[in-house]
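I opened this notebook to keep track of what I looked up, one entry at a time.

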Amino acid sequence: MTQARPFAQIDVFTAQGGWGNPVAVVLDGSGLDAAAMQRFARWTNLSETTFVLPPTEAAADYRLRIFTPGGELPFAGHPTLGSCFAWLAAGGQPKAQERIVQQCAQGLVELRRSGERLAFAAPPSRREDVAPDLLAAVLPALGLHPAQLRRAQWLDNGPRWLTLWLDSADTVLALEPDHARLATLGQKVGVAGMHQAPAATSLIARSSREARAFGAAAEAPLIEVRAFAAPIGVPEDPVTGSLNASLAQWLIEAGELPARYLAAQGTVLGRAGRVHVERDAAGAVWVGGDCMAVIRGEVRL
């Protein structure tokens, strides 16, 4: 028998609804099995749908299950921020004033509040080198020449991404991937590249869409990110917290990126996602963004 459950749809990594990456949040998933959760995630057809549950670990404030249209994820970034935002807005009370602890299949994830903005501590990311024969298959599927690739690495913080650091943000924005080919290869691919200083300075001014969303004085993004996930039913994800988290850990350590920067994602999809990244003095990488509730109500599940 179905029942009415509190529900919210949160736009994440944006201060203005409609410009980030939405996540559907069922604020009481009690009594639902995995099949019912998966069915609803396919129905919403968003990149992720989450279900909030009572924690089973004493340190956690709540437990989260995360589903794409194609399956369950142990961790994901924008659902973590959006679900925490929805939980707090619905009256959730964390055990600590400025610290929220989420339990998920990946383990415990710490979040912090800075004003209205939330950020999560990037979980540990496992890294592996990418086999040359796989790169040789993936690059043409993306329309890339080998000379445009600076670094490649497998990054895994729950979601596993074949991640490519490219020669420029312009290269990232110009990609027209063969999603069917990537699905056949079974590869989720994340790409990123750095804006040149003149381009970064004028990035918001050149787009009236982004100027409206963020204002002419907004901070210019340092890098552009895209995430292609055809194997799980999401050809291109608008804004991807898990990828940005492991990307930051990798490239800050490699000296490619500073300890604090702003990433843009979703530009090609007509979005204007902004991901705030900062590595603190203890070496933890925090991935943050604004959230906006666009739908509140209930769903019958």
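**Entry 1: the cores.** Before counting anything I wrote down that a nonpolar core is a set of buried Ala, Val, Leu, Ile, Met, Phe, Trp, Tyr and Cys residues joined through side-chain atoms within 4.5 Å, where buried means under 20% relative accessible area. I also noted that this is a predicted model. With that in hand I looked up the largest nonpolar core, which has 52 residues, and found that Ile10, Tyr62, Leu81, Ile100, Phe120, Ile223 and Tyr261 are those with the most contacts inside it. Helix 8 supplies the largest share of this core, with seven residues. I then found a second, separate core of 19 residues, with Leu139, Leu175, Leu182 and Val191 among them.

**Entry 2: helix 1.** In helix 1, which covers residues 34–44, I noted that Ala36, Met37, Gln38, Phe40, Ala41 and Thr44 are buried. An α-helix has 3.6 residues a turn, so residues three or four places apart point the same way. When I asked what covers the buried residues of helix 1, the elements I found included strand 1 (4–12), strand 2 (21–26), strand 3 (49–53), strand 4 (62–68), strand 5 (71–73) and strand 18 (291–300). Just after helix 1, Asn45 takes a positive phi of about 60°.

Entry 3: Rolling a probe the size of a water molecule over the atoms shows where empty space is left. A search of the whole structure gave me one cavity of 30 Å³ or more, and about 120 Å³ of space lies in the largest cavity. Its lining has 19 residues, and Glu48, Leu73, Trp161, Asp237 and Thr240 lie nearest the centre. I sorted the lining into nine nonpolar, seven polar and three charged residues. Helix 2 (77–89), strand 14 (234–237) and helix 8 (241–253) each supply at least two residues of this lining, and the largest share, three residues, comes from helix 2.

Entry 4: The largest pocket has a volume of about 230 Å³. Its lining is made of 15 residues, with Arg112, Arg117, Ala119, His276 and Glu278 the closest to its centre. Two or more lining residues come from each of strand 7 (107–114), strand 8 (117–121), strand 15 (260–265), strand 16 (273–279) and strand 17 (285–289). I counted seven nonpolar, three polar and five charged residues in that lining.

For the second largest pocket I noted a volume of about 160 Å³, and the residues that line it include Asn45, Gly233 and Arg271. Strand 2 and strand 14 are the elements that give two or more residues to this lining, and strand 14 gives the most, with three residues.

Entry 5: Where does strand 14 find its partner? Strand 13 (residues 223–229) is joined to strand 14 by two bridges, and the two run antiparallel.

Terms used
Residues numbered from 1 in each chain as written. Predicted model: local features only at pLDDT ≥ 70, side-chain atom pairs only at ≥ 80, totals over all residues. Heavy atoms only, no water. 1 Å grid on protein atoms, 1.4 Å probe; cavity = no way out; pocket = protein on both sides within 12 Å on 5 of 7 lines; lining within 4 Å. Points joined across faces, edges and corners; volume = space filled by probe spheres on them. Helix = DSSP H or I, 4+ residues; strand = E, 2+ residues; numbered from the N terminus. Nonpolar A, V, L, I, M, F, W, Y, C, P; charged D, E, K, R; others polar. Pairing = 2+ DSSP bridges. Buried < 20%, exposed > 50% of the residue type's maximum accessible area, 1.4 Å probe, protein only. Contact = heavy atoms within 4.5 Å.
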